[in-house]
There are 2 protein chains.
Amino acid sequence: MLLGGDWGTTNLRLFRFDAKGQVIAKRERPLGVMQVGPGDFEGVLTEVAGDWLEDGDPVLLSGMVGSRNGWVEAPYLPCPAGLDDVASALIRAPSQRPDIFIVPGLSYGPAATPTDVMRGEETESFGAIKPDRVRKLIVAPGTHSKWTLLDKARVTSFTTYMTGELYGLLRAHSIFSRMLEGDAPDPAAFQLGLEASVRDPDLLSALFSTRTHGLFGVVAAESLAAYISGLLIGSEVAAGLRRFDVKDVTVIADDVVAANYLQAFKFFGVTAVTVLDNRAAAARGLWRLAQIAFPKMRTV
Amino acid sequence: MLLGGDWGTTNLRLFRFDAKGQVIAKRERPLGVMQVGPGDFEGVLTEVAGDWLEDGDPVLLSGMVGSRNGWVEAPYLPCPAGLDDVASALIRAPSQRPDIFIVPGLSYGPAATPTDVMRGEETESFGAIKPDRVRKLIVAPGTHSKWTLLDKARVTSFTTYMTGELYGLLRAHSIFSRMLEGDAPDPAAFQLGLEASVRDPDLLSALFSTRTHGLFGVVAAESLAAYISGLLIGSEVAAGLRRFDVKDVTVIADDVVAANYLQAFKFFGVTAVTVLDNRAAAARGLWRLAQIAFPKMRTV
């Protein structure tokens, strides 16, 4: 049936589906778009899943594989854009095989100069919704955390928060890097960070409390990374809730990240939070798009 | 007379004064506290200004040289703290010479667990004020930008913004690093960044506009660094003006940085801005502290 792939900046995740849309096999490699040279995408796909490609089934790939540095650029589709719109705008990848398609990303804002973009999260979001649900907020944390508002399987707006990227920069390259030790989860220190983000809503100054908390032993060196995480995620969630004004939310993330966001949403009084594994959401979204794009599959 | 030094994280700046407090000679070396090993501070000082040390005049050093990783730790003095308080709390540096002293930094917040600290900017601030001025806001931009409120030569409160550090991280190590080219001043792109900081006051999302502006050609690659600078400084100045509610301000900075802050303050409607060179402010502050700490100097 279908071979689906979530091909992002740092990882390639492949899903093999059965005729009912169940994932019967998965493969994951650290061969993201950053690691693959121009012209090498087909080679990498064949290397990782050549045995799955033999039967000529369609292949559908989402994520940064559709960016300028990917296999082929799949132009952003402007919002609002629904599941049908995206399924109708797949781009065929240059290949000897006729059946490899790329999911376009979405843009938000003026048509010529969008103010926000996503690639991959639209597919995860389509996989996370109940398609008849009137209004749904999906939060997909990551290097660039995406808050996506959907109305009946149609993305109406979204906003990107650079939470994960700033966390990585501060951990690895900042004045804090030499103060902190490790990045083990620490709900108590994370909570202190959440509280700090509310006490001082100005992120540029709030972040400096990491320095004083470390200097004066308020937060131990092993807990400073969790404190920074709490500060940043607190800042993100406060901003997102101001912008979207939604009472319930679905978080698409793995367990560790989801635990942080659950704690943050609870802190801000949002208790109606559903967690969905990011791989499961991507697979479900790819299947839903494929059902529309490749109608012959349905008949099986 | 006096040998003064502003010995920070990355640079050593030495000033030789005449009997009236005029700087008659300056030396600057990229030998900051980061570059000097423990126990090597006297050696570096002798290497750079041994000829100035021969006459046995007092030496007064401010900045990170008084931190844990410096020559000797000079404990933070809690705010409010005036020129007299700081001059009375100098710490003698371990040395064969009896006359080398370190200026303590300042802390703000609870005595046991301060929420903010500075080292060096207290000396620059003391050099920037008219000592009888009732209320004065001093802004010292840098890796960690310090906003310091003084009342008659007494620091009453201050706040640190990590503006310069975030700018450096985003330029060198972020997703933007490969999009941007150079960091030439660009007032028009800087202005776009200021405007963006007001349009979206949530820094985590506002920063992502750098990506879309680059992708869709709103800001050229050579201007993206100036755009990021405008966004960050806009975020800082907006936050600082909310916190301190002051109508006029003195900015302590070199010409390039000062031009950015002048543009930002003007954008936010603050036109009563005085600019003072950061080296001149440090030298003047060291002289003022020395006049109190070493009264014999006065008689000359």
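Tutor: Contact here means heavy atoms within 4.5 Å. The model is predicted.

Student: How many residues does each chain bring to the contact, by that rule?

Tutor: Chain A gives 44 residues and chain B gives 44 residues.

Student: What is the area buried between chain A and chain B, and what share of it do carbon and sulfur atoms give?

Tutor: The buried area is about 3700 Å², and carbon and sulfur atoms give 69% of it. On the side of chain A, Met162(A), Leu204(A) and Phe208(A) supply 20% of the area buried against chain B, more than any other three residues.

Student: Why is the meeting of Asp200(B) and Arg243(A) called a salt bridge?

Tutor: The rule asks for a side-chain nitrogen of Lys or Arg within 4 Å of a carboxyl oxygen of Asp or Glu. The side chains of Asp200(B) and Arg243(A) meet at 3.3 Å, N to O. The pair is therefore a salt bridge, since 3.3 Å is within 4 Å. Across the interface of chain A and chain B, the rule finds four salt bridges.

Student: How many residue pairs are in polar contact between chain A and chain B?

Tutor: The count is twelve, with both residues at pLDDT 80 or more. As for the elements involved, several of chain A each supply at least two residues of the side that touches chain B, among them strand S13 (154-161), helix H4 (163-173) and helix H8 (224-244). By class, that side of chain A has 22 nonpolar, eleven polar and eleven charged residues.

Student: What is the order of the six strands in the open sheet of chain A?

Tutor: The order is S6-S13-S12-S11-S14-S15, and the pairing is mixed.

Student: Why are strand S6 (81-82) and strand S15 (272-276) of chain A said to stand at the edges?

Tutor: Each has a single partner strand, so one side of each is left without a neighbour in the sheet.

Student: How do you know that S6(A) and S13(A) pair?

Tutor: Pairing needs at least two bridges. Two bridges join S6(A) to S13(A), so the pair meets the rule. These strands run antiparallel, and Ala81(A) stands opposite Val155(A) in S13(A).

Definitions and conventions. Residues numbered from 1 in each chain as written. Chains lettered and ligands numbered in written order. Predicted model: local features only at pLDDT ≥ 70, side-chain atom pairs only at ≥ 80, totals over all residues. Heavy atoms only, no water. Buried area = accessible area lost by both parts, 1.4 Å probe. Polar contact = N/O pair within 3.5 Å; in protein donor to acceptor, adjacent residues only side chain to side chain. Helix = DSSP H or I, 4+ residues; strand = E, 2+ residues; numbered from the N terminus. Nonpolar A, V, L, I, M, F, W, Y, C, P; charged D, E, K, R; others polar.
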